[in-house]
Amino acid sequence: MVLPMDNFSTRNFSNYGKVLSPHVILIRPERRQYLTSNSLLFLGDQTYLLDSGYQYQGDQLKKIRDAIDIDGILFSHYHIDHVFGCHILPESKKMIHEEEVDALRSFDNFIQFCFKDQTISSQQWNIWKLRFKNLLKREGINDWSDLRLDNVITFGSNENIDLGATQLQILHLPGHSPGHCGVYETENQILFIGDIDLSGKFGPWYGWWNSELDTFKKSVEYVIDFVSRNEISRIVSSHTHDVSKEEGMHLLNNFLHPFDEREQQIKTYITQKRTGVTLKQITDQSIIYQGKQSDPPYVREYFEFVHVKKHIEALMKKNEVISEGDKIFST
Ligand SMILES: [Zn+2]
């Protein structure tokens, strides 16, 4: 039975998630499996879900869907662990930042979007196609159209979304992905910052070609400034529990360190090898992933390579390294 809006109370939702305020419920994945993420449920005159992470099949989101009408889903960004569960709400309106809407139009668009300005070899194309097809199948989806993203619409960088009893302010926080966004819920001052991830497990992730190192760092600095300037009751990121403003500030500052630490480690390695090093040799050092096992090895190696390449490009811009043939040298 679907509850009429004026009858529900946040108490009804305490079985499904953590009640952060009278209008906001944090839903954490029940099964801590690979490629899951948190959702927020905003209860206003309209009910919106923020992110519909992968592997929700059969768990609490379906139970909530059966208890209350969910008018729409906002996606913080297009990555699969934030989107691939959206098929369980086929009729709900879907919204994503205008820079990423093309990625959700088709399966081919989705893959191409990840490889901004890069030519994809047919081998790479097949590898990623197979990987995403298998991940979709695991969720019971055989075709992209089954995700029911045909009705996706866009929001802009600083848009306010009026849900009646509560208001959402969109914060465009690009870098992790081009249209990555946070959300500030103004009624109860709850800040969601997506994959500016406060779990402390990995640090900043910029492993697709459309990720941007410097832009990401600037977005983290913007969030630190935003938190210092605004009333904040809880801060929620996508892969861990919610934290207080004070704890969040501490974790956000820690999140900034790996940008420079990784660059320094890569530079040190290049400096030590006076005869030059190849990108492959730097990638093999596992400076970014540090041997962590969350992705299959071929996926991890690829993402390690992209992270390293972005640091090399940044070091070349600063004239701290140069390349000759396939080798990189310290200047
Ligand atoms: Zn992401």
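# Close-up views of a predicted model

**View 1. Strands β3 and β4 pair side by side.** Four bridges join β3 (residues 39–43) to β4 (residues 47–50), and the two strands run antiparallel. The model shown here and in every view below is predicted. A hairpin through three residues connects β3 to β4. F42 has Y48 of β4 as its bridge partner. L40 stands opposite L50 in β4. In general, strands of a sheet pair through backbone hydrogen bonds, in either a parallel or an antiparallel way.

**View 2. Strand β2 also pairs with β3.** Strand β2 covers residues 24–27. Four bridges join β2 to β3, and this pair runs antiparallel. Look for L26, which stands opposite L40 in β3. L40 can then be followed into View 1, where L50 of β4 stands opposite L40.

**View 3. Strand β3 is mostly covered.** Five of the five residues in β3 are buried. Which residues of β3 point one way, and which the other? S39, L41 and L43 point one way, while L40 and F42 point the other way. Residues on both sides are buried. In a regular strand, side chains alternate between the two faces of the sheet.

**View 4. Seven strands make an open sheet.** The order is β1-β2-β3-β4-β5-β6-β7, and the pairing is mixed. Which strands stand at the edges? They are β1 (18–21) and β7 (152–155). Each edge strand has a single partner strand, so one side of each is left without a neighbour in the sheet. On average, neighbouring strands of this sheet are turned by 25 degrees against each other, direction ignored.

**View 5. Four residues coordinate the zinc ion.** The donors are H77 (NE2), H79 (ND1), H176 (NE2) and D195 (OD), at 2.1 to 2.2 Å. Why is the arrangement irregular? The four donor atoms subtend angles of 90 to 175 degrees around the zinc ion, which makes the arrangement irregular. A tetrahedral site would need all angles between 85 and 135 degrees.

**View 6. The zinc ion draws on separate stretches of sequence.** The donor residues are spaced H-x1-H-x96-H-x18-D. H79 and H176 link distant parts of the chain, 97 residues apart. H79 is in the loop between β5 (72–74) and α2 (80–83). H176 is in the loop between β9 (167–172) and β10 (181–185). Are these two residues buried or exposed? Both H79 and H176 are buried.

**View 7. Two loop residues have a positive phi.** D117 has a phi of about 60 degrees, although D117 is not a glycine. D117 is found in the loop between α3 (107–114) and α4 (122–138). D117 is exposed, with a relative accessible area of 71%. Q189 has a positive phi of about 55 degrees and is not a glycine either. Q189 is found in the loop between β10 and β11 (190–192). Q189 is partly exposed, with a relative accessible area of 25%.

**View 8. Domain 1 meets domain 2.** The protein chain is divided into domain 1 (5–257) and domain 2 (261–330). Their centres, taken over C-alpha atoms, are separated by 30 Å. How many residues of each domain are in contact with the other? The contact involves 18 residues of domain 1 and 19 residues of domain 2.

Key:
Residues are numbered from 1 along each chain as its sequence is written. This is a predicted model: local features need pLDDT of at least 70, side-chain atom pairs count only at pLDDT 80 or more; totals for chains, interfaces and linings use all residues. Side-chain values use heavy atoms; hydrogens and water are left out. Donors are N, O and S atoms within 2.8 Å of the metal (3.2 Å for Na, K and Ca); water is not among the atoms, so sites may look incomplete. Four donors count as tetrahedral if all angles lie between 85 and 135 degrees; four count as square planar and six as octahedral if opposite donors are over 155 degrees apart and all others between 65 and 115; anything else is irregular. Buried means under 20% relative accessible area, exposed over 50%, partly exposed in between (1.4 Å probe, protein chains only). Two strands pair if DSSP finds at least two bridges between them. Axes are lines fitted to C-alpha atoms, for helices over the stretch in contact, and angles run from 0 to 180 degrees between N-to-C directions. Domain bounds come from an automatic or database domain assignment. Contact means heavy atoms within 4.5 Å.
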